[in-house]
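Please keep the sequence and the 3D view at hand while reading.

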Amino acid sequence: GLVPFAIDVEPLAAGRALINLSKEGYLQKNVVVVNMGATLTDVGIFKHGVLRFPPTLSYGCDSVSGAIAY
């Protein structure tokens, strides 16, 4: 019975949660938010709270764990 009000992409949602709501004043700074999943890594580069560059890398924790194991 829920009706979505808005749908957001992950880098913007992470930036809003970690930068805009921070009490440390990160909104006026340049910030990089890295979200490392099992197979993908999202990198959000924010300038003054605006997402400027949102690359998704095709490797994640599984790749790092595999590299360390060898």
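## Leu18 and the basis of the model

Leu18 has its place in helix 1; helices (H or I, at least four residues) and strands (E, at least two) are DSSP runs, numbered from the N terminus. The model is predicted, so that local features need pLDDT of at least 70 and side-chain atom pairs count only at pLDDT 80 or more, while totals for chains, interfaces and linings use all residues. Residues are numbered from 1 along each chain as its sequence is written, and side-chain values use heavy atoms, with hydrogens and water left out.

With a relative accessibility of 51%, Leu18 counts as exposed. The term exposed stands for over 50% relative accessible area, buried for under 20%, and partly exposed for values in between (1.4 Å probe, protein chains only). Not counting residues up to four places away in sequence, Leu18 touches Tyr26 and Val33, where contact means heavy atoms within 4.5 Å. From C-alpha to C-alpha, Leu18 and Gly60 are 21 Å apart in space, and they are 42 residues apart in sequence.

## The buried side of helix 1

Helix 1 comprises residues 10-20, and its buried residues are Pro11, Gly15 and Ile19. These residues lie on the same side of helix 1 because they cover an arc of only 35° around the axis, the arc being that of the directions from the helix axis to the C-beta atoms. An α-helix has 3.6 residues a turn, so residues three or four places apart point the same way.

Which strands do the buried residues of helix 1 pack against? They pack against strand 1 (30-36), strand 2 (41-47) and strand 3 (50-53).

Arg16 and Leu51 are 35 residues apart in sequence, and their C-alpha atoms are 9.8 Å apart in space.

The structure holds one salt bridge, a term for a side-chain nitrogen of Lys or Arg within 4 Å of a carboxyl oxygen of Asp or Glu. In this salt bridge the side chains of Arg16 and Asp8 meet, at 1.8 Å from N to O. Asp8 is partly exposed, with 36% relative accessibility. Side chains of opposite charge can pair when their charged atoms come close.

A polar atom of the Thr41 side chain lies 2.6 Å from the backbone oxygen of Tyr59.

Leaving out residues up to four places away in sequence, Thr41 touches Val34, Asn35, Met36, Pro55, Thr56, Leu57, Tyr59 and Gly60.

## His48 in the loop

His48 is located in the loop between strand 2 and strand 3. Its phi is near 55°, a positive value in a residue other than glycine. His48 counts as partly exposed, with 41% relative accessibility.

Apart from neighbours within four places in sequence, His48 is in contact with Leu27, Gln28, Lys29 and Asn30. His48 and Glu10 are 18 Å apart in space, C-alpha to C-alpha, and 38 residues apart in sequence.

## A nonpolar surface patch

Val32, Val34, Met36, Ile45, Phe53, Val64 and Ile68 make a nonpolar surface patch of about 630 Å². Patches are made of residues with over 30% relative accessible area and no salt bridge; like charges are joined within 9 Å, and nonpolar side chains (Val, Leu, Ile, Met, Phe, Trp, Tyr) within 5 Å. Accessible areas come from the Shrake-Rupley method with a 1.4 Å probe, and for residues only the protein chains shown count as cover.

Strand 1 and helix 2 (61-69) are the elements that give two or more residues to the nonpolar patch. The largest share, three residues, comes from strand 1. Ile45, one of the patch residues, has its place in strand 2 and is partly exposed, with a relative accessible area of 32%.

How values were computed:
Polar contact = N/O pair within 3.5 Å; in protein donor to acceptor, adjacent residues only side chain to side chain.
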